[in-house]
Amino acid sequence: MITIHHLQVSQSERIVWLCEELGIPDVTALAQAPVLEDNKVMLKESSAIIEYLMNKYGGGRLSLTPFHPRFTDYLYWFHASNCKLQPLVLLILQLSQIHDAGARLARAQERLGALLCLLDDHLDARLWLAGDDFTAADIMLVFTLTTMRVFYGLDLSEGRNVLPCLERSSRREGYQRARNKGDPTLELMIEGRAPKPYVDRLKEAHII
C-alpha cells in the first residue's frame, strides 16, 4: 500500500490527483509533504514522485513516449511548471515583500507575463498541453495556476486558452476525487480574477 504524506494547500495535491487518475490505491496522511512511502521506498519532491509512480504503476498512461509527435511538448511543460513558472511566482511573492525591490519586481512580473503568454499561445487549438492527450504535464501545471494562487494573487483574466484548460481539469473525476480527499474545503481557483491572498484570509479568520 502506498502512503502519500499530503499537506493541504500544497503541491502534494499533484500526487493525490495522479493516484486518482491512475487508480492507484493509497492512504493519504496529513503531514510534511510531499513524501511518498511505497513499501521500503521513501521519496520526496512532487515531480520525482510523479515520475516514479508513472514508471512503476502507470503502464504508459498519462505520459508520452519519445516517438510520440507531441513528446517534446509533454516533456517541456512537465518540467516548465516547477523549473520556470513556479519559481517566478515565488520570486514575485518574495520581492513584493521587499520595500525597495520595485525594478526587480517589475522585471520578474514581465518575465512571468511573457511565460503565461507563451503558455496561452501554446494551448491555442489544443485541449491539453500535449494536444488531445491529458498527461502528467497537465497535473504539474494545474497546481501552479490554481492552488498556488492562494499565496500570490495571480491574475489570469487574459488567459483565453488557459482558463478553459483549467475548467476542463476541474471537471475530471480524478481531480474531483483528489480534492475531496486532500483539500475538501479549498476554493476552486479556476477563474481569471486574482483570489484573495492566503495571509489576508488568515487575518480575517483571526488566525494571525
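A: In this predicted model, His-5 has Val-35 of strand β3 as its bridge partner. That bridge belongs to the pairing of strand β1 (residues 2-6) with β3 (residues 35-38), which is antiparallel and runs over four bridges. β3 also pairs with strand β4 (residues 41-44), again in the antiparallel sense and over four bridges. Within this second pairing, Leu-36 is bridged to Leu-43 in β4. β3 and β4 form a hairpin, with two residues between the strands. Asn-39 lies in the turn of that hairpin and has a positive phi of about 55°.

With helix α2 (residues 46-58), the axes come within 10 Å and cross at roughly 15°. An angle under 35 degrees counts as roughly parallel, so α1 and α2 are roughly parallel to each other. Their crossing is right-handed. On the α1 side, the contact is made by Arg-14, Ile-15, Leu-18, Cys-19 and Leu-22. On the α2 side, Ser-46, Ile-49, Ile-50, Leu-53, Met-54 and Gly-58 take part. By class, the residues of the contact of α1 with α2 are eight nonpolar, two polar and one charged.

The other packing of α1 is with helix α7 (residues 173-182), at an angle of about 135° and with the axes 8 Å apart. Roughly antiparallel would need an angle over 145 degrees, and α1 and α7 are therefore oblique to each other. α1 passes α7 in a right-handed crossing. From α1, the contact residues are Val-16, Trp-17, Glu-20 and Glu-21. They meet Gly-174, Tyr-175, Arg-177, Ala-178 and Lys-181 in α7. The residues of the contact of α1 with α7 comprise four nonpolar, one polar and four charged.

As for confidence, the protein averages a pLDDT of 91, and 96% of the residues score at least 70. Helix α6 (residues 162-171) has the highest confidence, at 97. Confidence is lowest in helix α8 (residues 198-204), with a mean of 70. Where pLDDT is low, the predicted coordinates should not be read in detail.

How values were computed. Residues numbered from 1 in each chain as written. Predicted model: local features only at pLDDT ≥ 70, side-chain atom pairs only at ≥ 80, totals over all residues. Heavy atoms only, no water. Axes fitted to C-alpha atoms, helices over the stretch in contact; angles between N-to-C directions. Parallel < 35°, antiparallel > 145°, perpendicular 65-115°, else oblique. Left-handed = near helix turned anticlockwise from the far one by under 90°. Contact = heavy atoms within 4.5 Å. Nonpolar A, V, L, I, M, F, W, Y, C, P; charged D, E, K, R; others polar. pLDDT = per-residue confidence, 0-100. Pairing = 2+ DSSP bridges.
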